[in-house]
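This report looks at how the parts of one protein chain meet. Please view the sequence and the model together before reading on.

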Amino acid sequence: MHEHVLSMHDLTADDVTRILDTAESFRKVGTRVIKKVPALRGRTVVNFFLENSTRTRISFELAAKRLSADVINFSASGSSVSKGESLKDTALTLQAMGADAIVIRHSSSGSPLQLTRWVDAHILNAGDGTHEHPTQGLLDLYTMREKLGRLEGLRVAIVGDVLHSRVARSLSFGLVKMGADVTLVGPPTLIPPDAPVWGVHVSYDIDAVLPKLDVCYLLRVQTERQRLEFFPSVREYARFFGLTRRRVELMPQDALIMHPGPMNRGVEIDSDVADLPSAVIEDQVTNGIAIRMALLYLLLGATKEDPG
Ligand code: CP
């Protein structure tokens, strides 16, 4: 394992398998009445979120608490960041207080890497700008492997606003690494020009792709990151790329529907589609806790003993 978790790009296929296998043990811990193990007793984990989050922030907090670590939650509002304190001074302050790991979400791509140059603590990227969201990618890989029994050879479409999506980057890199067949689908304006270098296919026609899929992974339309008009209207986007009941009928019966959340119901996914049994969106959230426990454990507390 590396010293930090900055990107899926840094991980080998063996690293990914080790993380998913470790998460498997922690998934079992999450089904017990007492969902806690002493693995990180005495260690301090700081959740440093300078951008909004529900799933990632809460699941890192739960993961650290289930490992018995001391947890500090830290955001811009209510801290000296709102008075203009720099990222470097804030990070040095957290280090001076004994942080063993810092989980950071930031709107600027590369902030987690920058943090590694200033502090000795392990850094975990919880989403940096439009760069990467490796823990989301890992929990998605875990969910696909759990539900479909393998990653190699899986046919996965990642649909929507790929250009602005750190999730799409991490997931594409992870899937390609593990031998899956990935197609990015969306309007040409929302597909990154360097997508072919990622080792993926590109399509602008969702109806043609759906019948061949094991997983249809929908992305949120990120209006907050779009500084230009990338499509004429939200209604037109939904008509051409939204997953409707009619489109679900085109998919193989056992294919999964996934979404990282938060969803725009009625835009990239119809509300009734999000509630179908084949939509495993809540399982993704549950698996996120196990993945984050595995990462914290492998970085801060791994011994030869089985964690379960
Ligand atoms: N998937 C994801 O990153 O969700 P949050 O923004 O709620 O953390």
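## Salt bridges and polar contacts

In this predicted model, four salt bridges are found across the interface of domain 1 and domain 2. A salt bridge joins the side chains of Arg145 and Glu24, with a distance of 3.2 Å from N to O. Across the interface of domain 1 and domain 2 there are also 14 residue pairs in polar contact, where both residues of a pair have a pLDDT of 80 or more.

## The side of domain 1 that touches domain 2

Several elements each supply at least two residues to the side of domain 1 that touches domain 2, namely α1 (13-29), α2 (55-66), β3 (101-106), β4 (122-128) and α11 (281-301). Of these, α1 gives the most, contributing nine residues to that side. Sorted by class, the side of domain 1 that touches domain 2 holds twelve polar, nine charged and eight nonpolar residues.

The protein is divided into domain 1, which covers 13-133 together with 286-300, and domain 2, which covers 134-282. The centres of domain 1 and domain 2, taken over C-alpha atoms, are separated by 26 Å, and the contact draws on 29 residues from domain 1 and 26 residues from domain 2.

Between them, domain 1 and domain 2 bury about 2,300 Å², and carbon and sulfur atoms account for 56% of that area.

Terms used: Residues are numbered from 1 along each chain as its sequence is written. This is a predicted model: local features need pLDDT of at least 70, side-chain atom pairs count only at pLDDT 80 or more; totals for chains, interfaces and linings use all residues. Side-chain values use heavy atoms; hydrogens and water are left out. Domain bounds come from an automatic or database domain assignment. Contact means heavy atoms within 4.5 Å. Buried area is the accessible area (1.4 Å probe) that two parts lose on being put together, summed over both. A polar contact is a pair of N or O atoms within 3.5 Å; within protein, one must be able to donate a hydrogen and the other to accept it, and residues adjacent in sequence count only if both atoms are side-chain atoms. Helices (H or I, at least four residues) and strands (E, at least two) are DSSP runs, numbered from the N terminus. Ala, Val, Leu, Ile, Met, Phe, Trp, Tyr, Cys and Pro count as nonpolar, Asp, Glu, Lys and Arg as charged, and the others, Gly among them, as polar.
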